[in-house]
Amino acid sequence: MNEARRQIGAVFTQQPTDLVVVAGQPVTLPCSIPGYHGMVLWLRDGMALGVNRDLSGYPRYDIVGDHSKGEYHLLIQRTEMQDDAFFECQAIQAAIRTRPARLTVLVPPDDPVIVGAPVVSLRAGDPLNLTCHADNAKPAASIIWIRNGQVLNGAMFSKTLLRDERRESTVSSLYLSASNIETGQQITCRASNKALPNGKDAIVTIDIQHLPLVNLSVEPQPILEGNLVKFHCSAKANPPVIHYRWAKGGSVIRQVSGDTYEVIVDHSFFTEPVSCEVTNALGSTNISRNVDVYYGPRMAAEPQSLQVDQGSDAIFNCAWTGNPSLTIVWMKRGSGVVLSNDNILTLKAVRQDDAGKYVCRAVVPRVGAGEKEVSLTVNGPPTISSTQTQQALYGEKGQIKCFIRSTPPPDRIAWSWKETVLESGTSGRYTVETVSTEEGVISTLTMSNIVPADFQTIYNCTAWNSFGSDTEIITLKEQESLRLAVIIGVAVGAFLALIVLMGTLGAFCCARFQRNLKGVVSAKNDIRVEIVHKDHNAARETEEHTAIKQIMVRKHCCMCLPPTACTPHCTQTLLHVFTPCE
């Protein structure tokens, strides 16, 4: 009873795990259940192989390990495809079994075979088709083609599952054009899989007469436009080369017949390739090259000026070519802000202040630059920009100006004040004139004779077009410098009159001073009243005041007694007004 309980409590300390093995190699699957003395059974894909250590039906199978320690390891010698299965170990009395372990048997491919090997002969100009197969592999073999140590791409593959539904055969076909093969070349077919990582090779040698194999070199490159370039056309041919022909952009260059062509290049060599055609008895081979010519920007698509409605998108397209790669910059004229570095400049929901000149500039570093200017006109309501307070002289003709920017041009411009509306022509003292300029429209309201009421009136300038309108309120301010000039003029006139009177009383003093006085009076009688800015009023007033004081000094000085004793130094300064005569 106790023994039975021990059997029931037995556990596996070692169990088989998934393994991968190459066919022909041995493998051991572990199974240990210490303290268990009952029957142990190995199963392959659910079928018993034998009890305990008796596997007489499977000569490649053995049970190994220390029986006293409960070791029942399964040894498979020289694994075969039939061993590719699930294995598990069971302890019958303990009623336990190990987890199923998958034994994967890999089979290397047979030696690859190239159809037609070891030598494949071709007619001149024919392409090469090679076929290589590698059979009986698990998993299916991978085939690569190698020439001169380089793997050749472009091969086609197919796989076929064999009758045992485990192994596969692989077939690979390689196509090489006639211009891509040479006599004496060796091409290798290498087959490999997980069982044979390094693979097995089959080699074929190509025997062919071929069209010329051509290499076209260009020196120097890159090169700046306007400099000399040399093309050299080197060819390998069997049979030998008999003729060279050169062309540019498809047009034959008749003056050149050898393997070298020298020419001064321009930008067209960057887009129009130079070709060299080499001919032998079997035919011709043509090869072409573009020249890496550095040249400045050349316009490919010229941008067009646009006129769009306000709120719409404006899209400019500007394309340049140049080499090396050029940089495109869109900017608004007068602004340093970069708007775009692409060919296309998109201005979303344009406003009227977006109108103006835009420049598409292309720069090829260290080579050159170019630019193209376009205009953006934005259709929208008029905008009025005028000084809100303008000046006029009392009693003189006055003007108020209204500057209007409008696209399309304004349909109507009107001035209104009090109860009056005037769009053009003359009404009483008022005249409206409109002048168009490159920048916009200037509407001028002219008043023939400024009266005080004009300075209390509010003037309204309004412009309309099909998109809307704008209005500016303008007031008129009296130019105060006029009154100040009049006051100064009156004061000067009064002083001059006084001087004349004083000159008459002192005429008997001395003739020379009377002549000086006449010159002064004459000068003062020629004084003109000028309208100046308020900032100059103080200076003008001081100058006039000083002149008047000097004339007064001279007059007083000449009233000395006795008259014949009057001297010139008496007239120099105000301090000498009361200096006694000598």
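**Entry 1: the pocket lining**

I looked up which strands contribute to the largest pocket: strand 34 (356–364), strand 35 (368–379) and strand 38 (398–405) each supply at least two residues of its lining. The model I am reading is a predicted one. I then asked which strand gives the most to this lining. Strand 35 does, with four residues.

**Entry 2: the pocket itself**

I noted a volume of about 600 Å³ for the largest pocket. I found 22 residues lining this pocket, and the closest to its centre are Ala355, Arg405, Ser406, Thr407 and Glu439. I sorted the lining by residue type and got seven nonpolar, ten polar and five charged residues. As background, I wrote down that rolling a probe the size of a water molecule over the atoms shows where empty space is left.

I turned to an open sheet and read its strand order as 2-6-5, with antiparallel pairing. Which strands stand at the edges? I found strand 2 (27–29) and strand 5 (61–64) there; each has a single partner strand, so one side of each is left without a neighbour in the sheet.

I checked how strand 2 meets strand 6 (residues 73–76): the two pair in the antiparallel sense over three bridges. In this pair I located Val27, which stands opposite Ile76 in strand 6.

Note on methods
Residues are numbered from 1 along each chain as its sequence is written. This is a predicted model: local features need pLDDT of at least 70, side-chain atom pairs count only at pLDDT 80 or more; totals for chains, interfaces and linings use all residues. Side-chain values use heavy atoms; hydrogens and water are left out. Two strands pair if DSSP finds at least two bridges between them. On a 1 Å grid over the protein atoms alone, a cavity is a set of points where a 1.4 Å probe fits but cannot get out, and a pocket is an open set with protein on both sides within 12 Å along at least five of seven lines; lining residues have an atom within 4 Å of a point. Grid points are joined across faces, edges and corners, and a volume is the space filled by probe spheres set on the points. Ala, Val, Leu, Ile, Met, Phe, Trp, Tyr, Cys and Pro count as nonpolar, Asp, Glu, Lys and Arg as charged, and the others, Gly among them, as polar.
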